[in-house]
Amino acid sequence: MKVSSLSSRKRRRMWILLLCAIGLGSATALTLTAFEDNLVFFRSPSDIVAERPGGERAFRLGGLVEAGSVERESVPAGQRPLVRFRVTDGANAIAVTYQGVLPDLFREGQGVVTLGRLTPEGTFRATEVLARHDETYMPPEVADALKRAGHWQPEQGAAPAPATWNTLEPRSATPGGPRS
Amino acid sequence: MIAELGHYALALALLLAFAQTALPLLGAQSRDARLMGAGAPLALGQFLALAASFACLMHLYVINDTSVLNVVQNSHSAKPLLYKITGTWGNHEGSLLLWVLILALCGAAVSLFGRNLPSALRARVLGVLGLISVGFLLFTLKTSNPFERVWPPPPDGQGLNPILQDIGLAMHPPLLYVGYVGYAVTFAFAIAALIEGRVDAAWGRWVRPWSLAAWAFLTAGIALGSWWAYYELGWGGYWFWDPVENASLLPWLIGTALLHSAIVVEKREALKTWTILLAIIAFGMSLLGTFLVRSGVLNSVHSFANDPERGLFILALLMFYLLGAFILFAWRAQAMVPTGIFAPVSREGAIVLNNLLVCSITAVVFVGTLWPMFADALMGLKVSVGPPFFNAASFPLVVPLLLAMAIGPLMPWKRAALWPVVQRLWWVAVLALAGFVLALLASGERVLPAIGFAFAAWVIGAALADLAERTGLFRVGLARAWARAGGLPRAAWGAAIAHAGVGVLAAGLAGMGLAHEKLAALAPGQSMSLAGHEWRLEEVRDVVGPNYTARRATISVIRDGQVVHVMQPSRRWFPVARQNTTEVSIRTNMMRDLYAVIGEEQDGKAIIRIHYNPLAPWIWLGAAIMALGGGLSLADRRVRVSAPNRVPKGAVPA
């Protein structure tokens with residue numbers, strides 16, 4: 001009987017190893033299954049125009065709130081308020097609707113990240129508009145989206161003035177260029 | 001002048017930290033008592049230098065010295081005095097100075113209260129703490145000097161982010177930092193033990209109070225942050241699984257595991273290598289948290305404008321300390337011989353299970369938090385991992401943890417049988433089942449919250465059963481049991497209370513699972529109803545504050561025709577920062593919170609959002625009870641009085 005002759009320390013070690021394997025295995029399995037359903041992708045307005053994603057999965061849309069695009073719909077008293085605005089990366093813009101209280105730092109001309117789904121008509125119905133703690137902060141994804149659309153080199157200074165976004169020409173993306 | 005003085009004190013602290021690293025470590029190696037003895041005064045000196053430096057910065061904030069860049073960027077003359085003081089650490093540079101100050105405070109505490117430590121161990125602990133100080137002081141001086149001048153001085157500062165002008169900010173970061181930095185001390189003990197090549201019960205006895213204190217502060221700090229988010233941000237939630245929140249949860253989770261395994265080292269001299277490893281990882285997680293917050297690699301609501309160069313520096317520090325620790329660990333870990341042997345079913349076994357589950361939860365949270373960073377770096381994917389992931393992945397691990405945390409404390413050390421424990425817990429199981437059924441009926445068959453209530457009853461009941469068992473309540477009668485209760489070690493009380501706190505927290509979470517909210521545009525005089533109350537908007541008017549103006553709503557909450565509460569949420573406008581903040585109005589009776597927020601106004605109507613949050617205060621109450629339990633355990637006699645002298649190797653105890 002080899003098994004019973006194992007010293008108790010060895011047996012304990014085997015137990016612990018077995019438990020560790022079970023624990024690690026279940027944590028991995030849980031992580032993977034949860035990942036499959038719950039990863040949320042980020043898309044810029046240009047990505048949406050290019051990919052035309054379906055409406056079955058929620059994703060995050062980010063960019064700048066287009067200047068002059070925010071409209072608060074007049075609703076009868078006691079109803080959920082509706083806000084419409086457009087999110088742009090300079091190259092393309094997507095119409096967004098949101099029912100709720102906008103975060104304190106939501107403003108035309110500022111970076112914004114929203115979570116929601118695309119309707120068949122091509123509007124983005126947001127369920128969450130993410131707030132920031134800091135006015136000068138630019139969400140990294142938004143900065144990236146602007147860079148990809150050729151509109152903003154963060155190292156060259158602040159983001160361009162909101163009123164100019166729809167008229168901006170894509171710049172050549174050379175680092176060290178003149179400060180805007 | 002004051003700024004230069006503060007800068008000088010900071011540089012002096014760096015030199016003292018260098019000396020505190022080199023002299024005691026060399027002394028311990030060469031067994032030179034004088035060199036070893038230098039550690040304590042150097043640690044004290046470093047603390048005094050940093051305290052002076054911090055006092056200088058605070059003075060600059062109070063007098064609003066606009067020739068100092070840090071003050072210009074983060075303060076304003078119109079700010080109330082309290083927020084001028086708390087604003088000292090409401091920014092990157094100041095908070096970093098606070099971090100090193102607390103680290104030096106811990107070093108000073110080790111040198112003051114550690115007189116009964118063996119001199120070599122104390123010297124090594126102080127040396128490692130000094131080395132950590134060196135890294136962070138270099139970081140502060142090199143990339144984040146708070147005393148930098150600006151010329152010409154602007155007429156006034158740019159103001160503190162209004163959202164941080166709150167008493168919550170005064171307390172949240174210092175508590176959190178004491179927690180983070182407390183793990184620097186357990187880390188230093190672990191490294192010292194690795195250098196010495198021995199871990200014994202006495203070592204466990206010194207490490208446990210530090211890990212306990214760090215844990216209690218971290219618990220309080222996280223809970224305070226969560227409470228602050230609840231009442232300040234006005235989203236009605238208490239935890240968002242935001243990367244920065246997770247960054248504080250990671251060291252807390254590992255710290256929880258460390259806390260439990262240190263008990264095994266102390267009582268049974270087993271799990272030694274494992275405990276060392278946990279102590280190293282706990283500090284690693286604290287550093288990781290600092291890195292995540294300060295580098296801005298992750299997209300988070302906490303992100304302030306940050307600087308990638310600083311992130312790189314912290315990453316380098318993280319690599320240096322952790323790689324060094326792991327190399328030392330790989331080299332020396334074999335020297336730790338376990339002496340206590342235990343069966344799988346025993347108190348030790350239960351603690352191993354606790355460690356396993358807690359570490360699995362840590363792994364899940366870690367992967368979920370860092371995945372967006374890796375996905376971006378490796379695959380160029382922009383993804384985010386939100387609350388659904390964390391809820392789905394951690395829930396199945398929390399369930400067995402809560403099941404086991406009731407059973408573990410009732411098991412004897414070394415070898416136990418499951419059946420007697422089950423017998424003693426049957427009434428608790430009945431209680432939990434009753435809680436489940438009642439909650440199911442009361443909530444309209446919401447299964448998940450009902451499970452939460454069942455576990456809350458189970459955990460609290462088991463903590464009571466544990467105390468009843470220890471006092472012999474069911475065997476010797478109430479009077480004798482009462483007398484015995486006074487004689488129980490405070491650590492036993494602390495453990496039972498902390499476990500009961502987890503139950504209270506679970507009940508709060510389950511209650512919040514039943515929360516309702518409603519949102520509508522209302523004109524004055526109009527109302528909406530939620531959770532059996534009618535909420536009527538009476539008026540919206542202008543209010544003027546010290547450095548803001550506000551629109552304040554008055555809402556009457558009516559029940560059965562009577563006004564039971566008048567709530568006044570407001571929306572403030574800070575002209576200096578050109579920013580709005582939300583001032584929530586909360587009415588609580590401890591069983592539920594009524595929560596009201598005013599949003600934007602338009603066409604004479606204000607957007608009003610109202611929440612009905614059952615048992616919300618229990619979340620922070622539970623956390624406070626947990627921290628209290630930790631504190632009580634810290635006041636245990638064997639921590640206060642005896643730190644037994646080590647039996648020298650090979651010597652036979654008389």
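Student: Which residue follows α3(B), and is its phi positive or negative?

Tutor: N64(B) follows α3(B), and its phi is positive, near 55°. Keep in mind that this is a predicted model.

Student: How do I read the helix before that residue? What span does α3(B) reach?

Tutor: Start with the general idea. An α-helix has 3.6 residues a turn, so residues three or four places apart point the same way. Now the case here. Helix α3 of chain B covers residues 39–62, which is 24 residues. From first C-alpha to last, α3(B) reaches 34 Å. That is close to the 34 Å expected at 1.5 Å a residue.

Student: Which strand of chain A is joined to β1(B), and do the two run parallel or antiparallel?

Tutor: Strand β1 of chain A, residues 39–43, is joined to β1(B) by 3 bridges, and the two run antiparallel. Take one residue as an example. L39(A) has V385(B) as its bridge partner in β1(B).

Student: What about chain A as a whole? How many helices and strands are there?

Tutor: Chain A has 3 helices and 7 strands. Read from the N terminus, their order is α-β-α-β-β-β-β-β-β-α. Of the 180 residues of chain A, 35% count as buried. Now look at contacts in chain A between residues at least 6 apart in sequence. Among these, 54% join residues at least 24 apart.

Student: Back to chain B. Where is S633(B)?

Tutor: S633(B) sits in helix α21, residues 616–634, of chain B.

Student: Why does S633(B) count as buried?

Tutor: Count its neighbours. S633(B) is buried because 27 other C-beta atoms lie within 10 Å, and the cut-off for buried is 20 or more.

Student: Which residues does S633(B) touch, leaving out those up to four places away in sequence?

Tutor: S633(B) touches L212(B), R490(B), A491(B), G494(B) and A495(B). A393(B) lies 32 Å from S633(B), C-alpha to C-alpha, and 240 residues away in sequence.

Note on methods: Residues are numbered from 1 along each chain as its sequence is written. Chains are lettered from A and ligands numbered from 1 in the order in which they are written. This is a predicted model: local features need pLDDT of at least 70, side-chain atom pairs count only at pLDDT 80 or more; totals for chains, interfaces and linings use all residues. Two strands pair if DSSP finds at least two bridges between them. Helices (H or I, at least four residues) and strands (E, at least two) are DSSP runs, numbered from the N terminus. A residue is buried if 20 or more other C-beta atoms lie within 10 Å of its own, exposed if 12 or fewer, and partly exposed in between; C-beta atoms are placed from the backbone. Two residues are in contact if their C-beta atoms, placed from the backbone, lie within 7 Å. The expected span of a helix is 1.5 Å times one less than its number of residues.
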